[in-house]
Amino acid sequence: MALKRPTSLPCPIPTVLLSFSLLCILSLLLFFFFFFTSPPPTFDSSSSHSFSFSSQITHQHVKVYVADLPRSLNYGLLDRYWSLNNDSRLGSDADADLRRSLSTPGKKPQFPPYPESPLIKQYSAEYWILGDLLTPEELRGGSFAKRVFSADEADVVFVPFFATLSAEMQLGMAKGAFRKKVGNEDYERQRKVVDLIRGTDAWKRSGGRDHVFVLTDPVAMWHVRVEIAPAVLLVVDFGGWYRLDAKSSDGNTSDVIHHSEVSLIKDVIVPYTHLLPKLHSSENQDRKILLYFKGAKHRHRGGLIRAKLWDLLVDEPDVIMEEGFPNATGREQSIKGMRTSEFCLHPAGDTPTSCRLFDAIISLCIPVIVSDNIELPFEGILDYSNFSVFVSTSDALQPSWLVAHLRSFSKEQKDGLRQNMARAQPMFRYDNGHPGGIGPIPPDGAVNYIWKKVHQKLPMIKEAIIRDKRKPPEIEDLQTSLL
């Protein structure tokens with residue numbers, strides 16, 4: 001029997017292959033779509049062995065628990081400060097009038113003011129951060145930090161120790177004992193804080209990685225830094241954490257040896273408190289001076305460049321180089337100098353930065369930053385090149401180079417830098433204008449931006465805590481203080 005011819009032919013082989021390929025591509029596309037768009041799995045937090053698969057932080061605030069420390073380690077220190085006779089390290093006591101007022105019977109406030117002495121005031125972040133956290137919740141609507149009253153609910157644990165005030169009081173009363181432990185009241189306070197905090201369940205649970213200390217003074221908590229190294233440290237720069245190799249000639253070389261207690265990965269650079277009053281852009285007037293600097297000519301470590309710059313610039317026309325200190329007379333000279341100058345010089349000192357930078361910004365004097373190792377507050381949020389001039393040390397030390405460079409800026413360029421600076425000014429304001437620092441803070445001020453930077457660290461903090469938990473207890477991680 002003859003075979004019947006099929007009524008339709010089967011698909012040619014190329015067509016089959018094409019169809020199969022399209023089917024595979026479609027399957028892959030569907031897989032990647034669902035894989036990348038589905039939320040990461042999470043595990044029930046009620047289980048003792050569970051944890052979040054993802055360390056993403058979804059809330060738009062940072063939850064802060066204030067550690068329980070005795071009042072003697074914060075506001076009690078202010079009581080003690082105001083009971084002292086004086087602090088005359090600057091030749092005059094900037095706090096004399098306020099001290100007399102607070103010594104009047106019945107005048108002792110629950111939240112005393114922070115000192116006006118510029119040696120201490122420039123480091124006052126500790127006071128304004130704690131004041132915000134202690135403000136009644138109904139007044140804290142503008143704060144990025146949400147206070148919680150259980151360490152288990154917190155993203156971070158804030159340690160309310162006025163470490164700067166403690167150090168500066170010791171330096172004012174008995175400087176010779178500062179580097180020693182015997183007879184050093186500051187060391188006794190440091191020891192008490194560390195013993196109390198490291199003994200808590202919160203510290204033991206996280207190894208201290210989610211704890212926050214304010215160490216704005218370069219010598220704050222000098223004796224116990226290794227013990228709190230895993231924590232988030234709020235510092236003005238890393239200058240107080242360096243030591244130099246014996247062969248190093250200046251702090252801007254690769255011979256600088258960094259202590260392992262600080263890192264941009266885990267720590268936050270915060271602003272100094274500016275000492276000069278704010279100049280609004282509407283108050284700005286013609287500036288006749290090209291470049292202004294007021295400060296000590298001779299400094300140590302990275303500040304050795306100052307003396308060299310001084311000798312290069314002191315005889316240049318339209319440049320003012322003044323030796324001086326931040327006492328009452330120096331303050332008035334600085335206000336006048338910064339408000340009448342186009343540019344303000346900011347060379348490295350004993351540390352890479354200083355309060356002078358923030359006084360320049362608040363005075364709308366364009367900063368000229370000559371400090372190769374400088375770290376600045378809120379970078380990543382704020383671009384300093386929009387209102388500052390950065391100059392390498394090697395360029396600045398060429399004869400006549402710096403003055404010629406600054407003269408090359410047009411009026412339009414300088415006006416643009418100054419307009420950008422005016423917009424950035426609020427970010428460096430700590431003072432909320434309320435007695436004792438208790439009250440609503442400026443939403444666009446320094447305290448909120450500090451907490452926003454801490455918030456950025458949370459995924460890394462959580463990752464480090466989880467990583468530490470799975471390590472055998474006998475294994476010491478050599479990297480433990482770097483993250």
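**Exercise 1. Decide whether Cys355 is buried or exposed in this predicted model.**

Solution. Start with the cut-off: buried means under 20% relative accessible area. Cys355 has a relative accessible area of 6%. Cys355 is therefore buried.

**Exercise 2. Find the disulfide and state which parts of the chain it ties together.**

Solution. Step one: count. The structure holds one disulfide. Step two: name the partners. Cys344 is joined to Cys365, with an S to S distance of 2.1 Å. Cys344 belongs to strand 11 (residues 341-347), while Cys365 sits in the loop between helix 11 and strand 12 (366-370), so the link ties together parts that are 21 residues apart in sequence. Step four: check the hand. The angle about the S-S bond is 105 degrees, and the link is right-handed. Step five: check burial. Both Cys344 and Cys365 are buried.

**Exercise 3. Classify the ring pairs Phe293 with Trp310 and Phe358 with Phe428.**

Solution. The structure holds 18 aromatic pairs. Phe293 and Trp310 are both buried.

Now take Phe358 and Phe428. Their centres lie 5.4 Å apart and their planes stand at 50 degrees, so this pair is tilted. Phe358 is in helix 11 (residues 355-362), and Phe428 is in the loop between helix 14 (411-424) and helix 15 (446-469), 70 residues apart. Burial follows from the areas: Phe358 has a relative accessible area of 2% and is buried. Phe428, at 1%, counts as buried too.

Ring pairs connect Phe358 and Phe428 with Tyr123, Tyr272, Phe378, Tyr384, Phe387 and Tyr449. Tyr449 also has a charge over its ring: the charged end of Lys452 is 4.7 Å from the ring centre.

**Exercise 4. Work out which sides of strand 5 are covered, and which strands pair with strand 5.**

Solution. In a regular strand the side chains alternate between the two faces of the sheet. In strand 5 (residues 232-235), Val232 and Leu234 are on one side, Leu233 and Val235 on the other. These four residues are buried, so both faces are covered. Next, the neighbours. Strand 4 (residues 211-214) pairs with strand 5 in the parallel sense, over three bridges. Here Phe213 stands opposite Leu233. Strand 8 (residues 268-269) also pairs with strand 5 in the parallel sense, over two bridges. Here Leu234 has Val268 as its bridge partner.

**Exercise 5. Describe the largest nonpolar core and the contacts of Val368.**

Solution. This core has 111 residues. Ile129, Phe213, Met221, Leu234, Leu291, Val368 and Trp451 touch the most other members. Helix 15 gives the largest share, nine residues. Leaving out residues up to four places away in sequence, Val368 touches nearby chains of contact including Leu291, Cys344, Val389 and Leu406. Another core, of eight residues, lies apart and includes Leu276 and Tyr292.

**Exercise 6. Determine how covered helix 2 is, and what its buried residues pack against.**

Solution. Seven of the nine residues in helix 2 (residues 75-83) are buried, so the helix is mostly covered. Among them are Tyr75, Leu77, Tyr81 and Trp82. The buried residues pack against helices including helix 3 (96-102) and helix 7 (185-198). Tyr81 also has Arg99 over its face, 4.9 Å from the ring centre.

How values were computed. Residues numbered from 1 in each chain as written. Predicted model: local features only at pLDDT ≥ 70, side-chain atom pairs only at ≥ 80, totals over all residues. Heavy atoms only, no water. Buried < 20%, exposed > 50% of the residue type's maximum accessible area, 1.4 Å probe, protein only. Contact = heavy atoms within 4.5 Å. Phe/Tyr/Trp six-rings, centres within 6.5 Å; stacked < 30°, edge-to-face > 60°. Lys NZ or Arg CZ within 6 Å of the ring centre and 35° of its normal. Core = buried A, V, L, I, M, F, W, Y, C linked by side-chain atoms within 4.5 Å. Pairing = 2+ DSSP bridges. Disulfide = S-S within 2.5 Å.
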